[in-house]
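Subject: Handing over the structure

Dear colleague,

Please find the structure below, and keep it open beside this message while you read.

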Amino acid sequence: MKSWKWIAAGAGLTSLIPVAWMVWKPTLAAGAVLTVWAVAASACGAWLVRKSDERRQQAIIRNMESTAIQMLNHHRHDWMNELQILYGYIQLGKLDKTVGSVERIKDRMATESRISKLGIPSLVFYLHSYRTYSNNLQLDVEVVDQVQLEDKVSPQTAESFTEAIIQTVRAFQLSGKASWGDTRQLTLTFMQQEQDLMVWAQGEGSFGDPDSLKLQIEQSVKGKGIRVEQTEPGETSYRLYLPFVT
């Protein structure tokens, strides 16, 4: 991609050739050549820049498509496991286990539906696709009372909020070290509190110093209009508040 920019810059610099001619021998012919050359170089440079932008957009689309395919494969695999477990209970005639399995599937479907209705596409995509590219931290998401943000935050605020959530999760990922066989888990709970959206981030496992982690989260959301509170001193439990648009 950088090579395209260098070529475009080179196309513009070729205009120096007729300029030098014009300086050395200022004639009508030299002026005409300079004008034509400058127009041609500008058109060529604009075309090369456009091609570079198209290639960049295509790369972004291919990356999103690849992530979406991986996400669908993970979800299909998970649902197949759930169905195999359910089928096994049915074959064994374990009615109580069957009912419990169905209830677990219903709860999971309801949770995924509430996530999909959050109203910020970038945030929904991140939460649904998280498991496709991360395995050092288990992420659980809960949405209380059908939180929908589509009409409550501006597009710019929505993107900033998504980035803040991503960076918060990343702060948990990079904090502390899990021993072999230990599981580190982060639960994000989305809920509405009057004029704020509150996200409760609760970590279970080894995450190092809680105060240091709080500072990392605060740094990651700096300038995004989000307030961070530690639930209890010495605990890896934090609340992030995003004010709604009024």
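In helix α6, the buried residues are Ala158, Phe161, Thr162, Ala164, Ile165, Thr168, Val169, Ala171, Phe172 and Gln173, where buried means under 20% relative accessible area, exposed means over 50%, and partly exposed is what lies in between (1.4 Å probe, protein chains only). Helices (H or I, at least four residues) and strands (E, at least two) are DSSP runs, numbered from the N terminus. The buried residues of α6 pack against α5 (121–133), β2, β3, α7 (210–220) and β5 (237–243), and contact here means heavy atoms within 4.5 Å. Helix α6 covers residues 155–174, and its 20 residues should span 28 Å at 1.5 Å a residue, which agrees with the 29 Å between its end C-alpha atoms; the expected span is 1.5 Å times one less than the number of residues. Just after α6, glycine 176 takes a positive phi of about 70 degrees.

Before going further, please note that this is a predicted model, in which local features need pLDDT of at least 70 and side-chain atom pairs count only at pLDDT 80 or more, while totals for chains, interfaces and linings use all residues. Residues are numbered from 1 along each chain as its sequence is written, and side-chain values use heavy atoms, with hydrogens and water left out.

As for the chain as a whole, its secondary structure comes to seven helices and five strands, and from the N terminus on the elements run α-α-α-α-α-β-α-β-β-α-β-β. Of its 246 residues, 33% count as buried, and among contacts between residues at least 6 apart in sequence, 63% join residues at least 24 apart.

Next come the charged pairs. Side chains of opposite charge can pair when their charged atoms come close. A search of the whole structure finds six salt bridges, a salt bridge being a side-chain nitrogen of Lys or Arg within 4 Å of a carboxyl oxygen of Asp or Glu. In one of them, arginine 104 pairs with glutamate 82, with 3.1 Å between the closest N and O atoms. This pair links distant parts of the chain, since arginine 104 belongs to helix α4 (residues 95–116) and glutamate 82 to helix α3 (residues 28–92), 22 residues apart. Arginine 104 is partly exposed, with a relative accessible area of 37%, whereas glutamate 82 is buried, at 12%.

Another salt bridge joins the side chains of lysine 106 and glutamate 103 (3.9 Å, N to O). These two are three residues apart in helix α4, so about one helical turn separates lysine 106 from glutamate 103. Lysine 106 counts as partly exposed at 48% relative accessibility, and glutamate 103 is partly exposed as well, at 37%.

A further salt bridge is found between aspartate 196 and arginine 227, whose closest N and O atoms are 4.0 Å apart. Because aspartate 196 lies in strand β3 (residues 196–204) and arginine 227 in strand β4 (residues 227–230), the pair ties together parts that are 31 residues apart in sequence. Salt bridges that share partners join Asp196, Arg227 and Glu229 into one network.

Glutamine 185, in strand β2 (residues 185–193), is buried, with a relative accessible area of 19%. The side chain of glutamine 185 makes a polar contact with the side chain of aspartate 140 (2.8 Å); a polar contact is a pair of N or O atoms within 3.5 Å, where within protein one must be able to donate a hydrogen and the other to accept it, and residues adjacent in sequence count only if both atoms are side-chain atoms. Asparagine 136, in the loop between α5 and β1, counts as partly exposed at 41% relative accessibility. Leaving aside its neighbours within four places in sequence, asparagine 136 is in contact with Gln173 and Arg184. The C-alpha atoms of asparagine 136 and threonine 183 are separated by 8.2 Å, although the two residues are 47 residues apart along the chain.
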